[in-house]
Amino acid sequence: MHGWFSAARVAGAKGLDGKLRLADASAFLRFELSGCRVAFVPPREESPRFAEVCAIEERTLDGCIASFAGIEGIEAAQGLVGCHVLLEGQAPAQGPDEVACADLAGFAVEDRVAGLIGEVASVDADRLQPLVCVRRTGGEAEVLIPFVDDIIVHIDEDARRIVVDLPQGLLDL
């Protein structure tokens, strides 16, 4: 059976040589995709419709930088911003330890030292390092927490809770 599945979204161009900044890119982060054929949708008049994965770099929790055969130069890369990157084949099942950033809204956020900080208001995943915007308890100003392994200790989907280990002073910014 022939099919395609959405594996990422083009969030931006990186550099002058045509590299793409991909968000929501769990398939690119979990599998070796060099040589795989991709399609960009919706099609853009001045941009390639199909390409081949050359390399994946600068991996983060939710995205990466990728280069593709057939996309050369910043103009070609910028023309694809906003497109979905489709991979040929069947979508892999999501692993038990993976949580999509968009699904974190409403989760309670607790620091190991400070205790309950607040609730996830939103997640800005349109960057290489996603930021979790936490609405503080007690009406204090919101705080942005980088969604990185050094800070995120554990995500309990059943309890809708994120345990973090915040650097000293982050809550004071």
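**A barrel and an open sheet**

Reader: Over how many bridges do β1 and strand β2 (residues 19-23) pair in the antiparallel sense?
Author: The elements named here are DSSP runs numbered from the N terminus, helices being H or I over at least four residues and strands being E over at least two. Two strands count as a pair if DSSP finds at least two bridges between them. Between β1 and β2, which run antiparallel, the number of bridges is five.

Reader: What kind of model is this?
Author: Residues are numbered from 1 along each chain as its sequence is written, and side-chain values use heavy atoms, with hydrogens and water left out. Local features need pLDDT of at least 70 and side-chain atom pairs count only at pLDDT 80 or more, whereas totals for chains, interfaces and linings use all residues, since the model is predicted.

Reader: Which residue in the turn of the β1 and β2 hairpin has a positive phi?
Author: Lys14 has Lys19 in β2 as its bridge partner. Four residues lie between the two strands of the hairpin, and in that turn a phi of about 80 degrees belongs to Gly15.

Reader: How many helices and strands does the chain have, and in what order do they run?
Author: The chain has two helices and 12 strands. Read from the N terminus on, their order is β-β-α-β-β-β-α-β-β-β-β-β-β-β.

Reader: What does the twist of the closed barrel average from one strand to the next?
Author: Axes are lines fitted to C-alpha atoms, for helices over the stretch in contact, and angles between N-to-C directions run from 0 to 180 degrees. The closed barrel has six strands in the order β1-β2-β5-β4-β3-β6, with antiparallel pairing. From one strand to the next, the twist averages 50 degrees.

Reader: Which residue stands opposite Ala8 in β6?
Author: β1 also pairs with strand β6 (residues 84-88), in the antiparallel sense and over five bridges. Across this pairing, the residue of β6 that stands opposite Ala8 is Val85.

Reader: How far is the charged end of Arg37 from the centre of the ring of Phe50?
Author: β3 and β4 pair in the antiparallel sense over three bridges, and in β4 Phe50 is the bridge partner of Ala39. A charge sits over a ring if NZ of Lys or CZ of Arg is within 6 Å of the ring centre and within 35 degrees of the ring normal. The charged end of Arg37 sits over the ring of Phe50, and its distance from the ring centre is 4.3 Å.

Reader: How many residues apart in sequence are the parts tied together by Trp4 and Phe50?
Author: Rings of Phe, Tyr and Trp (its six-membered ring) pair if their centres lie within 6.5 Å, with planes under 30 degrees apart counted as stacked, over 60 as edge-to-face and the rest as tilted. By this rule there are two aromatic pairs, one of them the tilted pair of Trp4 and Phe50, with 6.1 Å centre to centre and 45 degrees between the planes. Because Trp4 lies in strand β1 (residues 4-14) and Phe50 in strand β4 (residues 50-57), the pair ties together parts whose separation in residues is 46.

Reader: Are Phe40 and Phe68 buried or exposed?
Author: Phe40 and Phe68 form an edge-to-face pair, 5.6 Å centre to centre with 75 degrees between the planes. This pair links strand β3 (residues 37-41), which holds Phe40, to strand β5 (residues 63-69), which holds Phe68, 28 residues apart. Buried means under 20% relative accessible area and exposed over 50%, with partly exposed in between (1.4 Å probe, protein chains only), and both Phe40 and Phe68 are buried.

Reader: Which strands stand at the edges of the open sheet?
Author: The open sheet has six strands in the order β10-β9-β8-β7-β12-β11, with mixed pairing. Each edge strand has a single partner, so one side of it is left without a neighbour in the sheet, and these strands are β10 (143-146) and β11 (152-156).

Reader: Which residue of β12 stands opposite Glu110?
Author: Strand β7 (residues 108-111) and strand β12 (residues 161-164) run parallel and are joined by four bridges. Opposite Glu110, the residue in β12 is Val163.

Reader: What is the relative accessible area of Arg136?
Author: Arg136 is found in strand β9 (residues 131-136). With contact meaning heavy atoms within 4.5 Å, and residues up to four places away in sequence not counted, Arg136 touches Ile117, Gly118, Ala141, Glu142, Val143 and Leu171. Arg136 is buried, because its relative accessible area is 15%.
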